[in-house]
Amino acid sequence: MDITKSLYQACNPNKTLNSNNPEDKQRYIDFSPVRGLEIINELKRTITRLSPDSPTCQLFTGHIGVGKSTELMRLKSELETEFFHVVYFESSQSLDLGDVDVTDILLAIAKEVSHSLEVTQIKVKSGFFQTLFKDVINFLQTPLDIDFEAELSVGIAKITAKTKESPKLRNQLRQYLEPRTASILQSINRELLIPAQEELKKQGKSGLVVIIDNLDRIDNSPKANGQYQPEYLFVERGEQLKALSCHIVYTIPLVLIFSNALGRLINRFGVDPKVLPMISVKQRNGEYYSAAMTLLQQMIMVRAFPSVNWQQSPEKLALTTKIFDSPRTFDRLCQVSGGHLRSLLKLLFRCLQSQDVPISRLCLENTIKEQCNLLSLAITSDEWELLRKVWKTKTYRGEEQYDILLRSLFVFEYRDDQGSWFDINPILLESTEFPRDYDYKD
Amino acid sequence: MNNLENVANDNHDAIRSILRAINFSQGQFSLIFLHCNCVRLHQKIAVKLRSSYCTKIEEINLSPSAMSLYDNISATMVNIQPYAVMVFGLDAVKNLDSILQVSNQIRDEFSRKFAFPLFIWIDDQVLRRIIRIAPDLESWGTIIDIDNFLN
């Protein structure tokens with residue numbers, strides 16, 4: 001396959017690296033030294049070192065496109081090498097993220113865990129759920145063909161599939177289940193999670209870990225009681241979400257980190273949520289950080305030349321100029337990405353739509369201008385004012401009007417020894433809304 | 001492929017980018033928004049693409065009452081494996097915000113089920129809403145600024 005085409009496919013921004021796939025594993029770059037935090041290690045240590053035998057509940061979040069799913073997949077594979085049975089699932093597949101309640105999450109977890117156990121030949125029977133299914137079918141008065149002797153995951157899947165189609169049915173189901181949350185929780189623990197872990201230990205496993213991805217995507221919309229959905233689920237009902245008897249990692253909406261509910265959230269779960277930051281391509285003092293730049297460049301070059309160690313190669317320059325007209329074009333691409341991994345892939349993806357490799361400086365600059373113009377169309381004049389403030393002060397105030405700046409990737413967050421600092425998406429610096437004397441290094 | 005070469009040689013950058021995106025992405029899902037406020041240009045490009053790819057590009061016209069992008073695309077996909085899909089009419093749907101919100105939440109389903117490049121025509125107003133309420137979805141694709149090629 002020609003290199004432009006294979007690089008194009010490898011840069012497709014909608015692909016998540018799966019560390020169980022050898023080709024993807026090769027593409028994985030460990031950015032933890034330049035993120036300012038070793039988040040995945042911390043999550044892993046809590047499970048494997050601090051509390052291998054008693055359940056833990058941890059919270060994980062981060063900006064869109066910084067590599068959350070990729071890092072969670074890595075957590076999964078690292079835990080597996082330490083003999084944990086890991087159930088990873090994307091909640092968007094089981095749940096309607098526009099409208100979620102605690103029982104939906106609990107049932108999704110029960111379904112995914114029991115399904116994954118069935119695959120490893122562990123059969124768990126739950127008397128409670130058999131009765132519950134019968135009662136639910138009676139209550140909903142809807143014909144559902146469930147074999148009550150069949151596996152738990154099948155029964156849950158049938159019920160949730162039915163209610164996913166119909167908001168009315170879902171509401172009815174919820175009215176039925178919500179008052180029974182405590183007993184559902186208890187039965188998941190007693191009839192599923194605890195016996196499962198006993199079986200897993202017999203098979204030589206260290207324990208059971210459930211990783212729930214994509215829950216950060218739940219709508220930030222108000223519930224009927226006026227409370228916002230993320231706050232309702234993780235603060236109001238957090239007590240129940242953390243009561244499961246196995247290791248759990250939830251992804252939570254980033255908005256909680258900047259809301260005044262953060263204190264209560266930490267109280268509920270007894271842990272600080274872990275936030276995955278951008279790659280600090282630049283430091284707080286404005287200087288580019290060469291270690292970060294190198295890793296970003298490696299991320300591109302491993303996609304262009306999967307079997308070559310670009311960094312160590314005597315042909316480094318020759319390889320670089322196969323992809324870019326000069327190393328400076330490559331530097332410029334990485335700098336303008338602001339250390340946001342998906343932005344980096346997107347820019348290159350867009351360049352490759354216009355031109356074969358080597359990508360010229362002109363093509364890159366045209367793409368940057370194009371993307372700046374498009375992003376700028378969405379920014380109001382008030383927001384430009386806020387953006388100029390962020391740019392000058394490198395700080396960000398967690399007020400409502402600022403929410404959209406982070407969510408829409410107008411502002412990026414970085415970490416260093418002193419904590420968080422913020423800057424605007426470097427693409428926006430191309431706009432005439434900014435003075436031309438910024439420290440743009442060519 | 002001859003047709004592709006001819007059009008590519010036309011030196012029309014927008015069409016060239018679209019054709020390259022189709023060509024590079026066979027068997028793989030990719031998401032590309034085509035930003036264009038000028039209806040005439042947008043029709044001209046569609047005509048040109050049709051002539052270069054005959055019927056291989058599946059065209060979907062959303063009705064103003066459409067409720068879901070995903071459902072409309074999957075309904076068209078029964079028994080066909082298209083070369084590429086092009087969606088028109090998002091700028092005229094009544095429930096734009098809710099369509100975008102849902103698409104944002106279920107974006108993984110698009111890549112799981114669709115193994116072809118998906119092009120969606122958008123104007124200024126849709127672009128603004130996508131960036132503001134469907135940022136995950138937006139971050140998954142690229143936007144080609146067709147209008148820009150006019151200037």
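Reader: Before we start, what should I know about the model and its numbering?

Author: The model is predicted: local features need pLDDT of at least 70, side-chain atom pairs count only at pLDDT 80 or more, and totals for chains, interfaces and linings use all residues. Residues are numbered from 1 along each chain as its sequence is written, while chains are lettered from A and ligands numbered from 1 in the order in which they are written.

Reader: Okay, how do I read a sheet, say the one in chain B? Which order do its strands have?

Author: Strands of a sheet pair through backbone hydrogen bonds, either parallel or antiparallel. Here, you've got an open sheet of 5 strands in chain B, with the order S2-S3-S4-S1-S5 and parallel pairing. Strands (E, at least two residues) and helices (H or I, at least four) are DSSP runs, numbered from the N terminus, and two strands pair if DSSP finds at least two bridges between them.

Reader: Which strands stand at the edges?

Author: Those are S2 (57-61) and S5 of chain B; each has a single partner strand, so one side of each is left without a neighbour in the sheet. On average, neighbouring strands are turned by 20° against each other, direction ignored.

Reader: How many bridges join S1(B) to S4(B)?

Author: There are 6, and S4 covers residues 117-122 of chain B. Look for Phe33(B) opposite Ile120(B), and His35(B) with its bridge partner Ile122(B). S1(B) also pairs with S5(B) (residues 142-145), in the parallel sense over 4 bridges; there, Leu34(B) has Ile144(B) as its bridge partner.

Reader: And which way do the side chains of S1(B) point?

Author: In a regular strand the side chains alternate between the two faces of the sheet. In S1(B), Ser30(B), Ile32(B) and Leu34(B) point one way, and Leu31(B), Phe33(B) and His35(B) the other way. Buried is a count: 20 or more other C-beta atoms within 10 Å of the residue's own, against 12 or fewer for exposed and anything in between for partly exposed, with C-beta atoms placed from the backbone.

Reader: What about two helices, like H17(A) and H19(A): at what angle do they pack?

Author: Two packed helices are described by the angle between their axes and the distance between the axes. H17 (residues 327-336) and H19 (residues 361-376) of chain A pack at about 15°, with axes 10 Å apart. That makes H17(A) roughly parallel to H19(A), since angles under 35 degrees get that label, over 145 roughly antiparallel, 65 to 115 roughly perpendicular and the rest oblique. The contact includes Leu333(A) of H17(A) and Leu364(A) of H19(A). In contact means that C-beta atoms, placed from the backbone, lie within 7 Å.

Reader: Last one: how many residues of chain B are in contact with chain A?

Author: It's 31 residues of chain B, with 31 residues of chain A. Elements giving two or more residues on the chain B side include H2 (13-24), S1 and S5.

Key:
Axes are lines fitted to C-alpha atoms, for helices over the stretch in contact, and angles run from 0 to 180 degrees between N-to-C directions. Two residues are in contact if their C-beta atoms, placed from the backbone, lie within 7 Å.
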